[in-house]
Amino acid sequence: LNARKKIVKDKGVAPTELEEEVAKALFDIEVTPSSDIKADVRDIKISGAQDVEVKNRVALVVHVPFRVWKNVRKIQGRLIRELEKKF
């Protein structure tokens, strides 16, 4: 198991450093024994991530494939809180 499996990209397209960081954060949440969303995070993969500047602050936008969006919606609030701790 590794964080690289959390990224879904077209063949030949390398993930960016930011995408690898987000994938590692998701993987860390998945393997944390105390996490209450670890079962749901197991199915989640990302297709991209980017930093967007909003009102002199930087927001992290994470793109997920449509087929996992249903799972993301279910745990979105808790997932955002966990990711905010890591970034």
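Which residues lie nearest the centre of the largest pocket? They're Leu60, Val61, Val62, Ile80 and Leu83, out of 20 residues in the lining.

Quick caveat: this is a predicted model, where local features need pLDDT of at least 70 and side-chain atom pairs count only at pLDDT 80 or more, while totals for chains, interfaces and linings use all residues. Numbering runs from 1 along each chain as its sequence is written, and side-chain values use heavy atoms, with hydrogens and water left out.

By pocket I mean an open set of points on a 1 Å grid over the protein atoms alone, where a 1.4 Å probe fits, with protein on both sides within 12 Å along at least five of seven lines; lining residues have an atom within 4 Å of a point.

Okay, salt bridges, meaning a side-chain nitrogen of Lys or Arg within 4 Å of a carboxyl oxygen of Asp or Glu. The whole structure has seven. In one of them, glutamate 30 meets arginine 42 at 3.8 Å, N to O. Glutamate 30 is buried at 8% relative accessibility, whereas arginine 42 is partly exposed at 45%. Here buried is under 20% relative accessible area, exposed is over 50%, and partly exposed is in between, with a 1.4 Å probe and protein chains only.

Next, arginine 78 pairs with aspartate 36, with the closest N and O atoms 3.6 Å apart. Arginine 78 is partly exposed at 31%, and aspartate 36 is exposed at 56%.

Last one: glutamate 82 bridges to lysine 85 at 3.4 Å between the closest N and O atoms. Glutamate 82 is partly exposed at 21%, but lysine 85 is exposed at 65%.
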